[in-house]
Amino acid sequence: MFALIAGISLSCNTSVTLQENLEAIISEYPDATVAVSVRDQSSNTSLDILPDRSFHAASTMKVPVQIEVWRRIQSGSISLDSTLEVKNSFRSIVDGSIYQIEDDSDDAIYQRLGQQMTITELVYQMITVSSNLATNLLIDFLGAESIQATVDSLGASGMRVLRGVEDIKAFNQGLSNSTTASALATLMEAISHGEAIGSLADQTMVDVLKDQQFNEMIPAGLPSDVIVAHKTGQITQIHHDAAIIYPPNSPPYVLVVLIEGLDDDTQSAILGAKITHAVHSALRGRS
């Protein structure tokens, strides 16, 4: 059975098209601006709602950081055992002034300040628990320009990676990482098909994305036996999820949901789960 989200049973009206059904669901939340991208190669489905509308990327920008790490590993410029010192000191892209990470979902990494962590350990923390400190260490090492060049090479230029997280001076000047639903769908689809870096590297990225610890949106709208490799992003009035969805008896597909404008994170999670349920019901039924 599909999960009950906050006591609400999710349903899909099969008498209307999926696009109409999604638009009806979104209309129930008038304060929300919502973009959706669906990519299902097996059914030749490509569905978009506001695909090119730019949103603050929040932590979804950690997906291209992961891709760039594996591009460097594949090229031989770094190895699986390469390490970085764990420090909490970063420079603003505005004026070079020092700032620190103050708000993070990863407490454990701060126990390792002054120590070395492997780059692959940092990637795992960045994706699975959305560690901001791990993210900034990686962006400092890789360079935002290199990450962006890799994004552009994959045809996902709607994703803009300018800086690390919590650079308040940059934020106040409107210099923030941003994304579109179609850009995130392009990146997730490339990973799904083994076309971001290569089959082995991309499968490693999928395995890390499957360990995502924040599962209140896309996974909450799916049957319990469906596996989800995904990355969330969440700040004030921003709640996103970008996923490769693996039903047990059929090919995977990509779903991206970007939501802006809702103050209540529970409501945005429910909205994302409703969208997910409608998409999955239309593409896969119960599978």
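**Close-up views of a predicted model**

View 1. Helix 1 (residues 18–27) lies across strand 3 and strand 4, running at about 30° to strand 4. Helices (H or I, at least four residues) and strands (E, at least two) are DSSP runs, numbered from the N terminus. Axes are lines fitted to C-alpha atoms, for helices over the stretch in contact, and angles run from 0 to 180 degrees between N-to-C directions. The model is predicted: local features need pLDDT of at least 70, side-chain atom pairs count only at pLDDT 80 or more, and totals for chains, interfaces and linings use all residues. Residues are numbered from 1 along each chain as its sequence is written, and side-chain values use heavy atoms, with hydrogens and water left out.

View 2. Five strands in the order 4-3-13-12-11 form an open sheet with antiparallel pairing; two strands pair if DSSP finds at least two bridges between them. Strand 4 (45–49) and strand 11 (227–235) are at the edges with a single partner strand each, so one side of each has no neighbour in the sheet. From one strand to the next the twist averages 5°. Strand 3 (residues 33–40) is joined to the antiparallel strand 4 by five bridges, and Arg39 has Ser46 of strand 4 as its bridge partner.

**View 3. The hairpin of strand 11 and strand 12.** Nine bridges pair strand 11 with strand 12 in the antiparallel sense. Ile235 has Ile238 of strand 12 as its bridge partner. Two residues lie between the strands of this hairpin, and Gln237 takes a positive phi near 60°.

**View 4. The largest nonpolar core.** Leu138 and Met159 touch the most other members of this core, which has 59 residues. A nonpolar core is a set of buried (under 20% relative accessible area, 1.4 Å probe, protein chains only) Ala, Val, Leu, Ile, Met, Phe, Trp, Tyr and Cys residues joined through side-chain atoms within 4.5 Å. Helix 7 gives the most to this core, with eight residues. A second, separate core has 29 residues, including Leu22, Val38, Leu255 and Ile270.

**View 5. Helix 2 and helix 4.** The two axes cross at roughly 50° and come within 11 Å. Contact (heavy atoms within 4.5 Å) involves residues including Val65 and Val69 of helix 2 and Leu138 and Leu142 of helix 4.

Note on methods:
Buried < 20%, exposed > 50% of the residue type's maximum accessible area, 1.4 Å probe, protein only.
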